[in-house]
Number of protein chains: 2
Amino acid sequence: MSLLDDTIGRIKSQDAGWRAMARTRLEKLTMPHWALGRLMDLAEDLAGMTRSIPPVIQRKAVAVFAADHGVALDGVSRYPREVTQQMVHNFVRGGAGINVLARLAGARVVVVDMGVAGDLSGLAREGKIVSHHVADGTANIAKGPAMTPEQARRCLEAGIEVALQLGKDADLLATGEMGIGNTTPSSAIVAAVAGVAAEGVTGGGTGVENTQFLRKMEIINHALEINRPDSHDGLDLLAKVGGFEIGGIAGLILGAAAQGKPVLVDGFISTAGALVAQRLSQASTDYMIAAHRSAERGHRIALVHLGKQPLLDLDLRLGEGTGAALAMNLVEAAARILTEVATFEEAAVSGANA
Amino acid sequence: MSLLDDTIGRIKSQDAGWRAMARTRLEKLTMPHWALGRLMDLAEDLAGMTRSIPPVIQRKAVAVFAADHGVALDGVSRYPREVTQQMVHNFVRGGAGINVLARLAGARVVVVDMGVAGDLSGLAREGKIVSHHVADGTANIAKGPAMTPEQARRCLEAGIEVALQLGKDADLLATGEMGIGNTTPSSAIVAAVAGVAAEGVTGGGTGVENTQFLRKMEIINHALEINRPDSHDGLDLLAKVGGFEIGGIAGLILGAAAQGKPVLVDGFISTAGALVAQRLSQASTDYMIAAHRSAERGHRIALVHLGKQPLLDLDLRLGEGTGAALAMNLVEAAARILTEVATFEEAAVSGANA
């Protein structure tokens, strides 16, 4: 049995018994009923995911999957393609947004080369990044499939391997990414899943202008037309119109779910990865926590299809895992209220009138 | 000159020069333009408030003002009035929601007795709470003014004193409160400011049922009718339909603003206090950060009148300062991105195409 099939087979739904135990305690806390709202929903989820009370959320890690895209050469981004590898160096030096926000969250950052067009073997040898390099960027989705089915499977298994590795000493995982042009394949995935044309899901990405924006939509519609991905088949969707880092993200989520660990899903690109994971295992959504609602237009519809309401809504559109790193504090808060807040009985506080 | 007048006189608008310096750096960070959205707006605000780059946000404190309300004896809450003092004991023992979330944020919790109906002098003597006890609860706003103009001034000055004391070793302040029945005076304040009847701003508070809810609205409308507060006069608004803890909150905000320190405004009751502060000093709003949008119905309209968009929206309706404690992490994140993220030049990353 392959690592992918084995991992999918190990994913179980959240545990109803642990959820019920959490709810029973949350309802007795010294506060009006469910007065911490979505933090309490999350606390219940965490108990169901981890099968423990309190759910331990101490050690945190964010995996930043980096890769390039053939379609980026068609001018869908305002940034030149070499920015992907330049940003990998920035991550390694600790100067990027994700480094700063992960430091604040007390989270480890692991950068994974999934297919950056450029030689990062030096960084990999020095142990500064993890290499699961599939190829020097995907093929151009405007001309054919992004990758072969075999490459798609390799991406997913690479993500699973990262999850298993990080899971050895992390309680909470998070997805992040870097890849110039990657809002284009992400929009294609979301459009395919939602069954709409590019116009319904495409945003400005890193800031393209009007004519470039129209061209980006044309490319996405054309990519969907020539590739005809099966929107119910995660592997096909990923191979036809995805990206290597998107596959890594989907794999990380599956690997986290198989270990019963919560995984924070960052913004638009990460949600495209989550949609791929959902197609491979509906139960994996039980372990996903949507970190934030991105300013990228298609994110709203992507989250609806994933069935998730995000924790934050701060007009972020950076990616890298920054929204996920910011949301870690809320996950930790949810875990703590479950056992650290006193019950009415423990604190000798009068309850509500019947 | 009184402490109140002196404090109001010292409040200056945010500094435009420091804001501009912050913006200049934020625009050069290795990310698409303003890609961290509202976190970057906040970073700019923090520089304008603190007149420093980076704005130091390390030491944090939340002041929890507690008081009782004459109107609570009319049955506007599901909880008996003694819960206010029971919760003060819970705060002191560290078992309440605010204790847990403040611990996570690394924030100090200071509990202030503004007028709890009950003897808390023992806790005050032991230094476990601060006493600015004005009276054993306000008078019933359904029968006349909540307090005398002199008492209103005392509340505001007490809040200012707390801000000055905390300001000695805190960079970021936050408001919190406890007072059974206090959504009723808060709704009255918001209704007066918004110029609408109770129906437009009243929510369920800690969870009142239908007939009790109608009665609560009747009481608020009646209180506004007999007291006729001047909605442009903060002192009159506070004295006629406010509460001692609401005055403390308004004072804390004024005191923070006078020191050039950011202050996180918690939920519905805190926002009522912020509206009182705004009426006393429009410039004080420059130092307010709305922590979250409460599930309490009137909070949305209160925030519109305050001119603030909240950072979080998690269906919280606990008060105590819990939403403010949760938002501290975001304020710290905003401060850090300003100087810790590398610029394009520093990181040798290519910029966007023109």
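**Sheet, loops and backbone of a predicted model**

Reader: How many bridges join strand β1 of chain A to strand β2 of chain A?

Author: In this predicted model, β1 covers residues 60-67 of chain A and β2 covers residues 107-115 of chain A. The two strands run parallel. Within this pair, Val64(A) has Val111(A) in β2(A) as its bridge partner. The number of bridges joining β1(A) to β2(A) is eight.

Reader: Which strands of chain A stand at the edges of the sheet?

Author: The open sheet of chain A consists of six strands in parallel pairing, ordered β3-β2-β1-β4-β5-β6. Each edge strand has a single partner, so one side of it is left without a neighbour in the sheet. The strands at the edges are β3 (130-131) and β6 (288-290) of chain A.

Reader: At what angle to β4(A) does helix α12 of chain A run?

Author: Helix α12 comprises residues 268-280 of chain A. This helix lies across β4 (172-178), β5 (263-265) and β6 of chain A. Its angle to β4(A) is about 120 degrees.

Reader: Is Glu320(A) buried or exposed?

Author: Glu320(A) is found in the loop between α13 (299-306) and α14 (322-340) of chain A. Although not a glycine, Glu320(A) has a positive phi of about 70 degrees. Its relative accessible area is 1%, and a residue under 20% counts as buried. Glu320(A) is therefore buried.

Reader: Is Gly307(B) buried or exposed?

Author: Gly307(B) belongs to the loop between α13 (299-306) and α14 (322-340) of chain B. Its relative accessible area is 58%, and the term for a value over 50% is exposed. Gly307(B) is therefore exposed.

Terms used
Residues are numbered from 1 along each chain as its sequence is written. Chains are lettered from A and ligands numbered from 1 in the order in which they are written. This is a predicted model: local features need pLDDT of at least 70, side-chain atom pairs count only at pLDDT 80 or more; totals for chains, interfaces and linings use all residues. Side-chain values use heavy atoms; hydrogens and water are left out. Helices (H or I, at least four residues) and strands (E, at least two) are DSSP runs, numbered from the N terminus. Buried means under 20% relative accessible area, exposed over 50%, partly exposed in between (1.4 Å probe, protein chains only). Two strands pair if DSSP finds at least two bridges between them. Contact means heavy atoms within 4.5 Å. Axes are lines fitted to C-alpha atoms, for helices over the stretch in contact, and angles run from 0 to 180 degrees between N-to-C directions.
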